[in-house]
Amino acid sequence: MTTLADNRITTLKIVSFALVALWLIIAAFPFLWTLWGSFKVQADFFSKANWQNALSGTNTIRETGSAFTGQGYYGAWVQEEFWRAALNTCIVVFFTVVISLTFGTLGGYALARSGKRYAFWLLMAALVFRAMPHITLVSGYLLPFFEWNVWGILPTTIIVLVAINQPFTLWMLHSFFLNIPKDMDESAMVDGCTRFQAFRHVIIPVMWPGVITTGLFSFLLAYNDFAVTAMLLSTQNETIIPAINSFLGSTQVEGNVMFAVAAVVSATAPLFVLILFFQRQIVSGLTAGAVKG
Amino acid sequence: MAQIELRNVGKRWGDFVGVHDFNLTIPDKEFLVLLGPSGCGKTTTMRMIAGLEDASNGDILIDGTVVNGMEPKDRDVAMVFQSYALYPNMNVYENIRFPLKVRGIDPKLHDEKVRRASAMVELDDFLHRKPAELSGGQRQRVALARAIVREPNVFLMDEPLSNLDAKLRVSTRAQIKNLSHELAVTTIYVTHDQIEAMTLADRVVVMEKGVVQQVGNPTEIYDRPANTFVAGFIGNPAMNLIEGQVRAGVFTAPGVEISGLSAPDGAATLGYRAEDASVVEFGGHINAPIYSLELLGDATMVTVRIGQTLVNVRADKSFRAEIGDAVSISVPAGICHMFDGQTGARIEAQDAS
């Protein structure tokens, strides 16, 4: 027996599932299309004759003898040494995340626990710097970097990325620390900790989700940055995003565009893994039970 | 082992005075309760003793040593927070053990100490649980165990019962009383609940607006309140206070006439406790219509209105009347407390009656 109410609920369910499915397709399509296309040759994926070539792979079969080819990946990673760019990205991202998290946790904690008025103004200043377009920092730095002969190397880029990233990590961690009751560190201090021990043994363990979330955002900023890395790194030191850009920029040679496509897929894959891996950590829950429930 | 001395201790934030000129010596093993309404400076005083707040002026001495500017960890105090402040990532055992660990006490002794402390608060069965899996009362006991585990010189408790429900509060109160008797350690206990203060304290400090109003044992505070604030704060119900005039030993207010008092002429406030007065057939000192009538079970509380204030009297449990009926209340001079009309300070009876 189905009542009217049951019917309505099923209809509502079907409609909402359909909407979610539609959204999923629209959102995922560009990624899936790029992933699919990265195993074709340029004549198919960027076919002028018929877009369906990208699906059937007519030219790919003619050129390589199979519907799928790893040419794009081979060209990008081996021929053009994309692995160098990947390695540079690893270095830049690692140090940017570590440095901004170190300063961010210490500074965010200090600002969250300080009752002084200047703490507020420091945060306001941080917000202003956060709001500035990234490129404005670069244009100001370029001349001094040339003069001091530090242009084009990784440490300079790391410093600039940290500078861009720091206001954000400071804000984010500051608000996480505000959610942790002050009683916790005071209790630890009465129990026998110094301020720093209280921070290390009591606050940080509770803070992990916040630190990981903030670290993830810092990672994404450093990983995806184009403005800073493209301007500040020499060709042999460039990271993956400018590298992809340079693949795209030289369209005279056939196959280079496909290198870019393959590189894009290679650059996207780690992000999926990372977010799937850390999704559970994203915030909340851990402080429950610290104070009265 | 630990005597605490506060000399002219004060705390200011800008223009706001949190605590004003606090002077007190707390002898070893005393259970001292700081009592007052919220915002009266009682918690601030405790936090200054703990070292979580710097005193703006004055000296705090523990065992004769000035501890101003000393880190909390160096003062050898243990504190129970109102929110318990348990460490959510550690289980009960690790929570209790934490003070031993950070103070570098020989690890071989940890287990025994933790088990002894947890046994004292009956937590033995919960040692492997996380704080999130405990009830409010159990969390509270973890906080107590964490405080007693390292046998500190001074115990500080900041409203430890205020987050518990009424029934649990009574039993935990008894537990704290028993525990403090067993441990015999100087304890400072902050509360806004006067019943807790009366039941637990060796001595009570009543504070308001950062100023100490009265220091004394519970009986003194109850029997001889130093001013109208203490009188109106202590007791359940609090003391009835009536504003009026004294002329030649006779206190008058609308509907009130009490003679035989030894107070100087002028404006005065008269106070009496509801349980001391009684309802009489006629000829009482207060004559007014009944404003409300509450059956308490063991007694009946009769309230009448005098001017703008409501005063009450405890009548026999069989007393029955309607609201609006005239009632006569006997308030003999012997049960009256007189306070100055301006300052509110207690006026001591000239001749002991």
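Start with a term used throughout: two residues are in contact if their C-beta atoms, placed from the backbone, lie within 7 Å. This is a predicted model, where local features need pLDDT of at least 70, side-chain atom pairs count only at pLDDT 80 or more, and totals for chains, interfaces and linings use all residues. Residues are numbered from 1 along each chain as its sequence is written, while chains are lettered from A and ligands numbered from 1 in the order in which they are written.

**Stop 1: Ile49(B)**

Select Ile49(B). Which residues does Ile49(B) touch, not counting those up to four places away in sequence? They are Ile4(B), Ile60(B), Val77(B), Leu156(B) and Ile188(B).

Now widen the view to the cores. A residue is buried if 20 or more other C-beta atoms lie within 10 Å of its own, exposed if 12 or fewer, and partly exposed in between. A nonpolar core is a set of buried Ala, Val, Leu, Ile, Met, Phe, Trp, Tyr and Cys residues joined through C-beta atoms within 7 Å. The largest such core has 115 residues. Ile49(B) is among those with the most contacts inside it, as are Ile203(A) and Val33(B). A second, separate core has 19 residues, including Ala43(A) and Ala263(A).

**Stop 2: chain B as a whole**

Chain B has 353 residues, and 43% of them count as buried. It holds eight helices and 21 strands. Helices (H or I, at least four residues) and strands (E, at least two) are DSSP runs, numbered from the N terminus.

**Stop 3: the open sheet**

Pick out β6-β7-β8-β3-β9-β10 of chain B. These six strands form an open sheet in that order, with mixed pairing. Two strands pair if DSSP finds at least two bridges between them. The edge strands are β6 and β10 (211-216) of chain B, each pairing on one side only. Zoom in on β3 (residues 31-35) and β8 (residues 186-191) of chain B: they run parallel and are joined by five bridges. Leu35(B) sits opposite Thr191(B).

**Stop 4: helix α2 of chain B**

Select residues 92-102 of chain B. Nine of the eleven residues of this helix, α2, are buried, so it is largely enclosed by the rest of the structure. Tyr93(B), Arg97(B) and Phe98(B) are among the buried ones. What do the buried residues of α2(B) pack against? Show α10 (182-191) and α11 (195-224) of chain A, plus α3 (107-120) and α4 (136-148) of chain B. After α2(B) comes Gly104(B), with a positive phi near 65°.

**Stop 5: Arg150(B)**

Move to the loop between α4 and β7 (154-158) of chain B, where Arg150(B) lies. Is Arg150(B) buried or exposed? It counts as buried, because it has 20 C-beta neighbours inside 10 Å. Beyond four places in sequence, Arg150(B) contacts Ala78(B), Pro99(B), Leu100(B) and Arg103(B).

**Stop 6: where the chains meet**

Show both chains. The contact takes 25 residues from chain B and 23 residues from chain A. On the chain B side, β6 (77-80) and α2 each supply at least two residues.
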